[in-house]
Amino acid sequence: MTTHKTEQVSVNAMIEDLRVLVETESPSRDVDALTASAKVVASVIESRLGGQAVLVDSEAGPHVHWSGGGEPRVLVLGHHDTVFPLGTLERRPFRVEDGHVTGPGVFDMLGGLVQAVHGLASLEDRSGVEILVTADEEVGSRSSRALIEERALACGAVLVLEGAADGGALKTGRKGCGTFQVSIAGRASHAGLEPAAGVNALIEAAHQVLDITALGRPEIGTTVTPTVASAGTLDNVVPAGATVVVDVRVESDAEKERVESAFAALAPHLDEAEISVEGGLGRPPMPESAAAGLFAVAQRLLPGIEGKAVGGGSDGNFTAALGVPTLDGLGAVGGGAHADHEYVVVEAMTERATLVAGLVTELQRR
């Protein structure tokens, strides 16, 4: 058994590490920025936990992997990419005031990373613990999914550091989610001289939006929401092309299959119009059963903590779908994910770090 120097969880030390991470901007898809961010994440992990944090290269940018040695028992899972473009920090710098920490990425999810590292640093024994911090969660985890699944299966339990649900609740279930793009091909013609000679892709898109929206079943948690549409080139030309982007959320595998089949079966209403569909439900649903055992442990460690099923997806969807016990929402208490008012509640940071440490200790005993 490897032992390490134990340190007390210090909120001031957590805030300083959080400052370092936030001030290294890390927008998704910017490989240079994510490379710099990965090095900083690795440095923070190594300085607090010892050992070596390995950078795993990918087309999306480096993922960061650290192991405490011994037989794998728990995967602590997070990401270091954020939704904010370079330059956001200048407009919205890191600040601590009125009991809140603000800055791009503090809640989603750099605050959770820092809390977990400091929670683990408070443990004398870190054997069996792995940390994986990916570079592409915000854009679908295409380059990291295989690695996430591999380490989740090896460890047998996953603690996800995404921000807490409202009121500090843990996330015990998540909808499956994904994006579809429906493309319509028509035929251009002069809108004044020969409108009937064309095939109006915009009119076909209007039909498709109504058909697509009808696929939703909100009474059982299925939402199908057209979000972005485009069509046409000039105001006197019958549109030859159009696209509709659709956000889909489902609570069950059966609904995932139904909706994907329905998109594949979309048919045109106008003669000679053509339809093609790309995308799908990339994140499977995370059933509440996957979190039940770990949530019961969390309730013993922190009496009164609540659990909620939420609509958003995370990398926990992948691990839960494999049957690996997964508890999400263990990161920062706060709000405003992806928004300018994003914040972390300072007084909750130590409690959440301690909760992660307690869950890890319980899993090490199994």
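## Basis

Residues are numbered from 1 along each chain as its sequence is written, and side-chain values use heavy atoms, without hydrogens or water. In this predicted model, local features need pLDDT of at least 70 and side-chain atom pairs count only at pLDDT 80 or more, while totals for chains, interfaces and linings use all residues.

Helices (H or I, at least four residues) and strands (E, at least two) are DSSP runs, numbered from the N terminus. Helix α1 spans residues 11–22, which is 12 residues. From first C-alpha to last it reaches 16 Å, close to the 16 Å expected at 1.5 Å a residue. That expected span is 1.5 Å times one less than the number of residues. Buried means under 20% relative accessible area, exposed over 50%, and partly exposed in between (1.4 Å probe, protein chains only). The buried residues of α1 are Ala13, Met14, Ile15, Asp17, Leu18, Leu21 and Val22. They pack against α2 (31–49), α3 (88–91), β4 (95–97), β5 (100–102), α4 (106–121) and α10 (349–364). Contact here means heavy atoms within 4.5 Å.

Helix α8 (residues 292–301) buries Leu294, Phe295, Val297 and Ala298. Seen down the axis of α8, these residues fall within an arc of 155°, so they line one face of the helix. The arc is taken from the directions from the helix axis to the C-beta atoms. Packing partners of the buried α8 residues are β7 (158–160), β8 (170–174), β13 (307–310), β14 (326–327) and α10.

## Arginine 126

Arginine 126 sits in the loop between α4 and β6 (129–134). At 2% relative accessibility, arginine 126 counts as buried. Its side chain reaches the backbone oxygen of leucine 49 at 3.1 Å.

## Salt bridges

A salt bridge is a side-chain nitrogen of Lys or Arg within 4 Å of a carboxyl oxygen of Asp or Glu. The count comes to 18 salt bridges. Arginine 283 and glutamate 137 form one of them (3.9 Å, N to O). Arginine 283 lies in strand β12 (residues 274–283) and glutamate 137 in the loop between β6 and α5 (145–155), so the pair ties together parts that are 146 residues apart in sequence. Arginine 283 is buried at 7% relative accessibility, and glutamate 137 is buried at 7%. Salt bridges that share partners also join Glu16, Arg19 and Glu23 into one network.

Arginine 19 is partly exposed at 29%, and glutamate 23 is partly exposed at 41%. Glutamate 71 bridges to arginine 73 at 3.5 Å between the closest N and O atoms. Glutamate 71 is exposed at 55%, whereas arginine 73 is partly exposed at 27%.

## Nonpolar cores

A nonpolar core is a set of buried Ala, Val, Leu, Ile, Met, Phe, Trp, Tyr and Cys residues joined through side-chain atoms within 4.5 Å. The largest core has 61 residues; Leu18, Ile45, Leu159, Leu327, Leu330 and Val360 touch the most other members. α1, α2, β2 (63–67), β3 (74–79), α4, β6, α8 and α10 each supply at least two residues of this core. The largest share, 10 residues, comes from α4.

Not counting residues up to four places away in sequence, isoleucine 45 touches Gly50, Ala53, Val64, Trp66, Val117, Ile131 and Val133. Another core, of 17 residues, lies apart from the largest one, with Phe180, Ile184, Ala242 and Val250 among its members.

Conventions:
Polar contact = N/O pair within 3.5 Å; in protein donor to acceptor, adjacent residues only side chain to side chain.
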